[in-house]
Amino acid sequence: MGSPKEPREARVKLPQLRLDELLEELQARLDAARGTRDRVHSLLEAVLSVGRELDLEQALRSIVEAAAVLVEARYAALGVIGPDGRRLSEFLTVGIDEKQIAAIGPYPEGHGILGEVIRHPEPLRLTKISEHPNSYGFPPHHPPMNSFVGVPIRVRDQVFGNLYLTEKHGGAQFDEEDESVLSTLAVAAGVAIDNARLYEESRLRERWLRANAEITHTLMSGSDRGEVLALIAERAREITGAALAVVAVPMEGTDSLTVELAIGEAAEAHRGLVLPVDDSLIGKAFSGAAPVTSPDVSRAEPGASPGEGTEGAEDQESVPAGDPARFTGLGPAVAVPIGTTDGVRGIVLLVREAGRTVFTEKETEPLQGFAAQAAVAMELAERRADVAQIAVLQDRDRIARDLHDLAIQRLFATGMTLQSAGRFIDHAEASERVLRAVDDLDETIKIIRSTIFGLRARDGAAGPGLRARVVRAVGEAAPVLGFAPGLRMDGLLDTHVPKETAEHVVAVLSEALTNVARHARADRVGVALETDGREVRLSVTDNGVGIPPDGRRSGLRNMAERAQQLGGELELSSPASGGTTLVWRVSVAEGEE
């Protein structure tokens, strides 16, 4: 009776075991479905999060953070491809702190595996990075990385950049599903980046429009040329994110440009500089009458023309006018002409800090419109000056005409009357006084006639101004020296320095440069000329052998005598670094020409 029960118990146990397997398989499938559901939900959340961002920088940060979470990567990065299409211009990371970044050094430019995704914009998955033939290796202090997945981000069919993810948590490998999730995120990222770009462009256009309206209002309110140019430079600097803004204008009667104003970083090193047309980024934009950009302004400046870095600094070496030292810490630059090919009135130079993005064509276009506003400012200022000059000349003519037709005639008539009356005066002393009065009237008439002649004489007959003459003198000295001296000028030199003093300034400058050429054995000379309306100051600095104690001093004596004649002085000094600094200063009558 016992044996028949055994097969029945076996029949009961076997279906129970099969049921356990089915339940376990069902549970696994439920877990997989739940995991897929959670992952899809996470992907949707990531897409929505990325899509909400309108600030481009924040959108990029959200993309790389979402990618790391979705595929459970320890390290993630987003590399933005630069304008050349071969290197990375920006690199955002997740998983590496600031201390590690500083220890590693500069961000990668796109070599090795990163460059592989740039050259071939398709998803790339690796089990071990070092085993790939194009692996470039890691710099010192870089954390170890093995597993890798990279996908491109496209914006309107153009590759914007790439997502790079390494080291999946738990030591697992990135699989096809990870690659698919990242590719989906990359599509959403492309849309988000495009939206952020459009929003950024609209905000930029709005800022340009507001700035244009502000400048138009300033122009119409009658502000002077300098104030409008300063406003244009400041707004252009703010909107483009530039660290330095410079406005240079051509010098009348010369082939040079002078920096009229500079705003921002290292502005003092640029104010008053005189730049050759063919020897700088500004000069190239001026001669070509078209915008010129440079990824690194310090390399665009050849540095062939020495000059002073700190005007009048007697204890410092002169710095070349084209020397890259003026642009230390600065990088991308754009020079935009003010005006048209029919007449370029000046140049606006904008320079960003080193490491910032280069100026693009989209940024240059509104800059050209802004430069056109500067041209209008200059045109209006010139027309106002012309109108004011015409008004002055007309007033002079009226005064001269009134003096001639009224004052002289009445004085002449009075003199004739006195002369006639003198014949009827018997008293000798009284008769003599009347005759003296007639002579005084004649002298007065002569003075008035001379005044009339002066009033009717037109400005401009005095020849070139002091600025132009100084530029010419420096240019003439270059062949003798063997190099071009640097030149910096500041103040109303053509207005505040009288003609006689200007003659002495040019003579002293020529003598000083000749002395340097003959005796100093220098390869660098800086010239600075400035006036504050009270005195004019000429500095000539060289890096030569200095003044020998037993050398001839006839030239120096002449310069000192010229200063003494005008109530000024000549100073000589030899800095510890070598060379000679000559400072010649005299007082000027404020406001006189």
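How many bridges pair strand β15 (residues 569-573) with β16, and in which sense? Five bridges, in the antiparallel sense.

Before the points, the basis. This is a predicted model, in which local features need pLDDT of at least 70, side-chain atom pairs count only at pLDDT 80 or more, and totals for chains, interfaces and linings use all residues. Residues are numbered from 1 along each chain as its sequence is written, and side-chain values use heavy atoms, with hydrogens and water left out.

1. Helices (H or I, at least four residues) and strands (E, at least two) are DSSP runs, numbered from the N terminus. Two strands pair if DSSP finds at least two bridges between them.

2. **Cover on β16.** Strand β16 spans residues 580-587 and is mostly covered. Seven of its eight residues are buried. Buried means under 20% relative accessible area; exposed means over 50%; partly exposed lies in between (1.4 Å probe, protein chains only).

3. **The five-stranded sheet.** This sheet is open, with the order β2-β1-β5-β4-β3 and antiparallel pairing. Its edge strands are β2 (88-94) and β3 (124-126), and each pairs on one side only. From one strand to the next, the twist averages 15°. Six bridges pair β1 (residues 73-81) with β2 in the antiparallel sense. G79 stands opposite F91 in β2.

4. **Helices on that sheet.** Helix α2 (residues 56-70) packs on the sheet and touches β1, β2, β4 (148-155) and β5. Its direction makes about 50° with that of β2. Helix α5 (residues 176-220) packs on the sheet too, touching β3, β4 and β5. The direction of α5 makes about 30° with that of β4. Contact means heavy atoms within 4.5 Å. Axes are lines fitted to C-alpha atoms, for helices over the stretch in contact; angles run from 0 to 180 degrees between N-to-C directions.

5. **N162.** Buried or exposed? N162 is buried, at a relative accessible area of 0%. Its place is in strand β5 (residues 158-168). Leaving out residues up to four places away in sequence, N162 touches A77, L78, G79, I81, V117, I118, V151, P152 and I153. Its side chain makes a polar contact with the side chain of Y164 at 3.1 Å. (A polar contact is a pair of N or O atoms within 3.5 Å; within protein, one must be able to donate a hydrogen and the other to accept it, and residues adjacent in sequence count only if both atoms are side-chain atoms.)

6. **P106.** This proline lies in the loop between α3 (98-104) and α4 (112-119). P106 counts as exposed, at 77% relative accessibility. P106 and P139 are 33 residues apart in sequence, with 9.9 Å between their C-alpha atoms.

7. **Helices α11 and α13.** Helix α11 (residues 466-481) packs with α13 (residues 499-520) at an angle of about 15°, their axes 10 Å apart. The two are therefore roughly parallel to each other. (Angles under 35 degrees count as roughly parallel, over 145 as roughly antiparallel, 65 to 115 as roughly perpendicular and the rest as oblique.) Residues making the contact include L466, R469 and V470 of α11 and A502, E503 and V505 of α13.
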